[in-house]
Amino acid sequence: MKSRRQKKIQELITEQTIRTQEELCLQLNAYGFTATQATISRDIKELGLVKVPGPGDDYRYAMANEAQTVGVQERLDKVCRDIVTSCDCSDNLVVIKTLPGNAQALAVLLDNVGWQEILGTIAGDDTVFVAVRQRAGAEVVRKRVQMAIDY
């Protein structure tokens, strides 16, 4: 029963925004699991769940590996807004122009953000070349960077 409940917890926090132990308890009860707040608390600890920024100023539960990506993604969004001057793509290459002296910081974030399309980056002083796996991936990466800039 415990392993089924914990599997359901993982599904719930992946599919929904769960902000509190109480919300998690209510969701589990809706799926037929009987769980108290104390049980949920133990499950959260055993699963290694963490709170990550969610919509607005809220926080939500997530798996620990997702939390690392969320932190990088937030930093990447801020850096893009602050230093990126343009972003374009051709074939399987994305070219991102930055303010002078900032390309390497951006490249490190892109290397660590966890986007499956990215093979790797090369950075100069004010330009980052992003190699992607397939042509379609270049446009996906360009749109993500552009969204961060426009945000």
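Mentor: Let's start with the rule: a salt bridge is a side-chain nitrogen of Lys or Arg within 4 Å of a carboxyl oxygen of Asp or Glu. By this rule the count comes to eight salt bridges. The model is predicted, so local features need pLDDT of at least 70 and side-chain atom pairs pLDDT 80 or more, while totals for chains, interfaces and linings use all residues. Residues are numbered from 1 along each chain as its sequence is written, and side-chain values use heavy atoms, without hydrogens and water.

Trainee: What makes Lys 8 and Glu 11 a salt bridge?

Mentor: Their closest N and O atoms are 3.3 Å apart, and the limit is 4 Å, so the pair counts. Both residues lie in helix H1, three residues apart, about one turn of the helix. Helices here are DSSP runs of H or I with at least four residues, strands are runs of E with at least two, and both are numbered from the N terminus.

Trainee: Why is Lys 8 called buried?

Mentor: Buried means under 20% relative accessible area, exposed over 50%, and partly exposed in between, with a 1.4 Å probe and protein chains only. Lys 8 has 15%, so Lys 8 is buried. Glu 11 has 29%, so Glu 11 is partly exposed.

Trainee: How do you know that Arg 135 and Asp 91 form a salt bridge?

Mentor: The closest N and O atoms of Arg 135 and Asp 91 are 2.6 Å apart. This pair links distant parts of the chain, with Arg 135 in helix H6 (residues 135-150) and Asp 91 in the loop between strands S3 (84-90) and S4 (93-98), 44 residues apart. Arg 135, at 61% relative accessibility, counts as exposed, and Asp 91, at 46%, as partly exposed.

Trainee: On to helix H2. Which residues of H2 (residues 21-30) are buried?

Mentor: Gln 21, Leu 24, Cys 25 and Leu 28 are.

Trainee: How do you know that they are on the same side of H2?

Mentor: They cover an arc of only 100 degrees around the axis, so they sit on the same side of H2. The arc is that of the directions from the helix axis to the C-beta atoms. The face turned away from that buried side carries the exposed residues Glu 22, Leu 26 and Ala 30.

Trainee: And in helix H5 (residues 103-112), which residues are buried?

Mentor: Ala 103, Leu 106, Ala 107, Leu 109 and Leu 110. Their arc is only 165 degrees, which puts them on the same side of H5.
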